[in-house]
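Work through the exercises below with the model open. Try each task before you read its solution.

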Amino acid sequence: MTQVTGGFAELDLLPSIVAAVIATGYEEPSPIQAQAIPVILAGHDMIGQAQTGTGKTAAFALPILCRIDPAKKEPQALVLAPTRELALQVATAFETYAKQMPGVSVVAIYGGAPMGPQLKAIRHGAQIIVATPGRLCDHLRRDENLLSTVHHLVLDEADEMLKLGFMDDLEVIFNAMPESRQTVLFSATLPASIRAIAERHLREPKHIKIAAKTQTVTAIDQAHLMIHADQKIPAVLRLLEVEDFDALIAFVRTKQATLDLTSALEAKGYKVAALNGDIAQNQRERVIESLKDGRLDIVVATDVAARGLDVPRITHVFNVDMPYDPESYVHRIGRTGRAGREGRALLLVTPRERRMLQVIERVTGQKVAEARLPNPQQVLDARIRKLTASLKPLVGEAEASHGELLDRLIADLGCEPRALAAALLRKVTHGQTLSLAELEREQPLVPSAPRERTPRSGEGREPRERRAPLPLAEGRVRCRTALGTRDGIAARNLLGAILNEGGLAREAIGRIQVRETFSLVELPEEGLERLLGKLKDTRVAGKALKLRRYRED
Ligand code: AMP
């Protein structure tokens, strides 16, 4: 098998980190990662201009993990993030990348949760702190030496932190850290206020910015659809109903995503295959040949696996996951519109990736029009159009070969020609729904994400996910997983996984609360350790469940 480890193996990262990254399904470093990782590993201060979606979290998390000493049970790295949501996300990313580094632990510190357990986690030896500035300052007021051992500082989304009014808190935090530390600053924009911070607190920083050369794309009809991450697969299925494509390539970011989308498409009867770095070279060539000659119509690929793929039949490119930069976008959509043919490119955008869409529009100098999900009426029209098109060449022609048989069937069945035609239609459409009322009933609602920027839950405001804890039944405890709706998780997925893998009776499991970035499950206190042991390696929706007891005090 040709395992594509991409450039990760060449970046001087610890082997255990490279292994964890590859296990996550990443095939090669994104451009910001390829540039930032060597700079951070070399110990330089750095300013990285990058927005969400470029892979910036791993760009700082991977090199910093290489510099953590697991034997030292004290804070060594601090990441500051503007919101609780981002802090949790970054902490989860660190945990994922540190999976094969025993002894490394991460704590997330944010407002709206009790301070006691956060402090306890630091005292218990967490080496990495991911915090929102306001809450971290509350901790510093109680213990001014809290950060005295921290040698790596990252400011993530620095411009957002300043917008939320954290300037003074940042100064307090800078002053609580050793001057010899390494400081890395990531920001989507570099206004004067950010440059002033860099001047005061960074030492000869290296600047990293992904060059955005202007690119031209013609002959490709481009559109985007705003969608929540967990709705991507149903949205793709719905879009495919109405798109008239010859061959289509769908781009996703990870191996797992190629497999998930491929199986959803297969289940709907599409001729589809996955292309990812795990696919052996000869198999890869077979997939491309099949796409060329029509044995396959759809390929779901990662960027690496699609390299060099040139198939003139491709009429559509679906960017199911956002590319890392505009160049990669232009490169991807250039797979269609070959040989003077018309091409169509569709980009799915999650609310957090809105900025990336703007960057793409700026660099390509073109507006990417907004598309809407087809409604049931449009789906029905498209189905009937396809049926009509498939029957058209047979009408008139099939009567000569099948007319006699038709007469005989009408006689044998003793029915009207219309009744027989309806029966044949049902047979050829394989039970496909072709009535509007039924379609409206069966098509699950796929909500589009709102266009407006949803206000972030900064400190000082009511955090979006903050809720009063629900009272617990006697003998039950609450457990937490970092999987939530943004991972495509619903309560039934968690329930199914815990029932199957944990061997529990349904009544043993209490309430399940699924939030955007985490979920809580009520489980019996008795035998909890054993249960968590059984669930140790359980995966839900392709991701590690990692259920832990959640202590709220
Ligand atoms: P970020 O810009 O850090 O918010 O990352 C955006 C998304 O890209 C996250 O879902 C990451 O898991 C994913 N990601 C980051 N780096 C890579 C990579 N090298 N290959 C594939 N996916 C990645």
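**Exercise 1.** Find the side chain that makes a polar contact with the side chain of Glu 171.

Solution. Start at helix α8, residues 167-175, where Glu 171 lies. Helices (H or I, at least four residues) and strands (E, at least two) are DSSP runs, numbered from the N terminus. The partner is His 201, and the side chains make a polar contact at 3.1 Å. A polar contact is a pair of N or O atoms within 3.5 Å; within protein, one must be able to donate a hydrogen and the other to accept it, and residues adjacent in sequence count only if both atoms are side-chain atoms. Next, list the contacts of Glu 171, leaving aside neighbours within four places in sequence: they are Arg 200 and His 201. Contact means heavy atoms within 4.5 Å.

This is a predicted model: local features need pLDDT of at least 70, side-chain atom pairs count only at pLDDT 80 or more, and totals for chains, interfaces and linings use all residues. Residues are numbered from 1 along each chain as its sequence is written, and side-chain values use heavy atoms, with hydrogens and water left out.

**Exercise 2.** How many aromatic pairs does the structure hold? Describe two of them.

Solution. There are four aromatic pairs. Rings of Phe, Tyr and Trp (its six-membered ring) pair if their centres lie within 6.5 Å; planes under 30 degrees apart count as stacked, over 60 as edge-to-face and the rest as tilted. Take Phe 60 and Phe 94: the centres are 6.3 Å apart and the planes stand at 45 degrees, so this pair is tilted. Now place the rings. Phe 60 sits in helix α3 (residues 56-66) and Phe 94 in helix α4 (residues 84-97), so the pair ties together parts 34 residues apart in sequence. Phe 60 is buried at 0% relative accessible area. Phe 94 is also buried, at 0%. Buried means under 20% relative accessible area, exposed over 50%, partly exposed in between (1.4 Å probe, protein chains only).

Go on to Phe 245 and Tyr 270. Their pair is tilted, with 6.4 Å centre to centre and 40 degrees between the planes. Phe 245 is in the loop between α10 (232-242) and β9 (247-251), and Tyr 270 is in the loop between α11 (255-267) and β10 (272-275), 25 residues apart. Tyr 270 is partly exposed at 23%.

**Exercise 3.** Which residues of helix α1 are buried, and against which helices do they pack?

Solution. Helix α1 spans residues 15-24; its buried residues are Ile 17, Val 18, Ala 20, Val 21 and Ile 22. They pack against α3, α4 and α11. Then look just after α1: Gly 25 takes a positive phi of about 105 degrees.

**Exercise 4.** How many residues surround the ligand?

Solution. Count 14; the closest are Tyr 26, Gly 53, Thr 57, Arg 253 and Tyr 324. A residue is near if one of its heavy atoms lies within 4 Å. Check the polar atoms next. A backbone N or O atom of Glu 28 is 2.8 Å from a ligand nitrogen atom. A polar side-chain atom of Thr 57 is 2.6 Å from a ligand oxygen atom. On its own, the ligand has 500 Å² of accessible area, and the protein covers 80% of that. These areas come from the Shrake-Rupley method with a 1.4 Å probe; for residues, only the protein chains shown count as cover.
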